[in-house]
Every structure is written in C-alpha cells, then in structure tokens.
Amino acid sequence: MRVQDTLTGTLAELPAPPEPIGIYVCGPTVYQRAHIGNARPFVVFTWLARWLRAKGHDVRLVHNITDVNDKIYEAAPGRSAERALEATSWYLEDTARFGLGMPDSQPLATETIAEIVGLIDELVRSGHAYPAEGDVYFRVSSFPTYGALSGQRPEQVEEQEPNPAKEDPRDFALWKATKEDEDTSWESPWGVGRPGWHIECSAMAAKELGTEFWVHGGGLDLVFPHHENERAQSLSVGHPFARIWMHNGMLRFTGEKMSKSLGNVTTIREVLDTWGRETALLFFLTAHWRKPIDFSDETMTAAAAQAETLRNALRRETRSRGDWDAFDEVLEDDFNTPAALAILHEWARTGALEELRRGLDVFGLGSLADRSQPPPEVVTLAEARIGARASRDFAEADRLRDEIASHGWEVRDVAEGYELVPRA
C-alpha cells in the first residue's frame, strides 16, 4: 500500500502483511464539544486501520487526547481539570456513535506526565533544551533540519511563544511554570508547572508505540508548529519517530449560517442527531483524505441520498459478480475513498451485492443492509410528523409521510404513536 508522505512529498510504501503497523493520530484538545471537523482524522485513520487489518496487518491505532493545554485554561479558568474531564467524556461518547470501533489506546497527557518530564530532562541534558525562569524551551538552532516537515526555512520561522527570557524567538516551550489562574500543576526539576503541547505527543507516541513507528497522522493544520516541533524533539533524543507523516485535509464550513468566527459551527453530536451515522460516514467518503471537504446542508443531503441509493440496492434480489480487485487497487493507491465509493455505486447498480456488502463493511456501513431498523434520519422525520399532526398541520404531516416513503419506509399510526415498516 502507498500513501502520501508529507515530509518527502511523495507516495511512501507501507510494508507487506503481516508486518505490524503502529499509527499515532493527534486527537482533540478537550475544552468544548467537538465540531464535525474534529471527527475527520478520527474517521479517516480508523478506516485506514480497518483496511490494513483486513489486509492481514496487526495494527495498533493510538489516538491521543490533549487534556492539558492553554485553550482549556482559557475556556474554564479555575476549573480546567473538570472541564477537560467533561469534554473528554463528550468526545468519547460522540466518536463512539460512528460505530467504527474505538482506537486501541486513547492516552491522556495527564496520565503521561512522568514520561514527559523524563523526555524534557533528556533534551536539557543533551543541550537541545534549556530552562528559563521556571519554563523550559527547545533550542531550535540545535536541530539542523527544523522546518523540513512544513517546508519552512529555519531563519524564516516566526516566534511561536513570546518571552524575553528565551535565547531565540523561534524556541518553543516544553515546560511552563504555573500561572496564578491555572489550577493544575505538577512537580518537575524546573519547578511547579505543566507541559507544553508539543512535548505531550512526543512522549505519548513513544510510550504507546515505541521510539519508531510507521504512521503519524493528524489534520493539515497541525503540520506547523505541532508536528514540526514533535519531530524536532523526538529526533533530537535519537528517536527515529514516524516513518510516514499523513495529514488529512480540512473540513470547510460552507453553509451560510455556519462560521468558526461566529462560534456556531456544527458539533459531531448535532450532525449525528440530525443526519445519522451512515450519512455522516458517506459524507466523509466523498472526498479524498488529503483534500478539503465542504460541510453544508446541501452536501449532507447529497450524502443522505447516496446512503439511500445503496440501502435500496441491498433490498433487491439481483445477484451478479463484482471486481474486488478494482476496489482493492484504489484503496491501496493512497487510500482513494471517492474512487472506492464510485465502485460501491457501480456494484449497487449492477447487483453485485456480495462485494457491495463486503466493501461497505470496510467503512463501517454494513448496517445499510439491515432492513430491521430505520436509519436515524427516518426516525427524525417520523418524530417531526408526530409534531405536525399534534399541531394539526396535516399538510406538513402528509409531506413528511411522503419524504419517509422516499427513504424506503412506511409510517403507520398506532396507539403508541407510530410504527416504521420497510416498504416492499
């Protein structure tokens, strides 16, 4: 299998089965309910792990959670630990609803403090880091290939964390002395404080996967400074670290009513409540993992229609043979999910139902073949119809009945409210 490597800008080959493959993915900083864009790396790299396992690899997928970070202190002054615990629970609950299974490990920064302190101490002793008034900074000038991952020249790197105590404006924090409004801290050789963001992932990756592993993943927005700094820290203490760097494209909120600047982007929970897991997964399939993906009511409606097309195909009795090798080929070539989706639709059109079910299972969509349970979007329509009837808006109730029928379900009024039955 070949995947795009950010460091080299080329397609890099993964080993042949059954060699074990470790994958480390940077997860969220937990200070609020995660928006749907935060789900993309979770979904993409869980799919990759599922595919590699299907090919015969022993895969260990690690997806960390950053529960010590400036954003958490800013979001919940005086109660950052409580907020991090609460938001971690939200994230685990929301991502579990995709039905893909959970990563093999989801380490927390707060559970890795000893390893973080040990790694910082090693960097200080080797001359790659230095203490400064209770903080500790990585010495960027000590790492000649700094900037190689993000394509920046070292002399052009702008200051990341202003502090007059630093030797070089480019240097970044490994350890930060506790400030008055911060309610979590740990003892260290440099005083009471807490870790910087970047060192957390270097330590968690090494603890979970060893000093060298195959794939480091995350969103494209993490290439600099986060992953650039991770690479510098780890290589400076002799850890080979990641062989391949994979960065998924960003999710763009294109609906008129959604804007990050306005703070009204849609959360994972809201998307799953409104559209259901199957539509959400179909939506993510429509774009190549390296490319941006546009989120709006229109793109979700289109994904829902695709889900229904595949669901309806699985209700037919037609049987034919599909070409599994073609499906295998597009996924082995940089994990091209849009091309795989096109093959799934071709199998649906021609009645290659065995291959269709097998292919859908790769992406956690085998449930499309289950006629016994209505999809969440149909349940939502049925609930809305009950509300319309209660308000005596019978025209709207009739419209909703027709829309439910277009999804392949019949709604029947019963004493308890309603019943949903698959249409023959």
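## Charges over rings

Arg358 lies over the face of Trp324, with a distance of 3.8 Å from the ring centre. Arg290 is placed likewise over the face of Trp289, at 5.9 Å from the ring centre. A charge sits over a ring if NZ of Lys or CZ of Arg is within 6 Å of the ring centre and within 35 degrees of the ring normal.

The model is predicted, so local features need pLDDT of at least 70, side-chain atom pairs count only at pLDDT 80 or more, and totals for chains, interfaces and linings use all residues. Residues are numbered from 1 along each chain as its sequence is written, and side-chain values use heavy atoms, with hydrogens and water left out.

## Aromatic pairs

The count comes to 18 aromatic pairs, where rings of Phe, Tyr and Trp (its six-membered ring) pair if their centres lie within 6.5 Å (planes under 30 degrees apart are stacked, over 60 edge-to-face, the rest tilted). The rings of Phe138 and Phe172 have centres 5.0 Å apart and planes at 20°, so this pair is stacked. Because Phe138 lies in strand E6 (residues 135–138) and Phe172 in strand E7 (residues 172–177), the pair ties together parts that are 34 residues apart in sequence. Strands (E, at least two residues) and helices (H or I, at least four) are DSSP runs, numbered from the N terminus. Phe138 and Phe172 are both buried, that is, under 20% relative accessible area with a 1.4 Å probe and protein chains only (exposed is over 50%, partly exposed in between).

Phe327 and Phe363 form an edge-to-face pair, 6.3 Å centre to centre with 75° between the planes. This pair links distant parts of the chain, 36 residues apart: Phe327 is in helix H10 (residues 324–332), and Phe363 is in the loop between helix H12 (353–362) and helix H13 (376–390). Phe327 counts as buried, at 0% relative accessibility, and Phe363 counts as buried at 0%. One aromatic cluster is formed by Phe42, Phe98, Phe253, Phe283, Phe284 and Phe295.

## The cavity

There is 1 cavity of 30 Å³ or more, a cavity being a set of points on a 1 Å grid over the protein atoms alone where a 1.4 Å probe fits but cannot get out. The largest cavity has a volume of about 40 Å³, taken as the space filled by probe spheres set on the points, which are joined across faces, edges and corners.

Lining residues, which have an atom within 4 Å of a point, are Arg40, Val44, Trp47, Phe284, Ala287, His288, Trp289, Phe335 and Thr337 for the largest cavity. Helix H1 (residues 39–54) gives the most to this lining, with 3 residues. By class, the lining has 6 nonpolar, 2 polar and 1 charged residues; Ala, Val, Leu, Ile, Met, Phe, Trp, Tyr, Cys and Pro count as nonpolar, Asp, Glu, Lys and Arg as charged, and the others, Gly among them, as polar.

Note on methods
1 Å grid on protein atoms, 1.4 Å probe; cavity = no way out; pocket = protein on both sides within 12 Å on 5 of 7 lines; lining within 4 Å.
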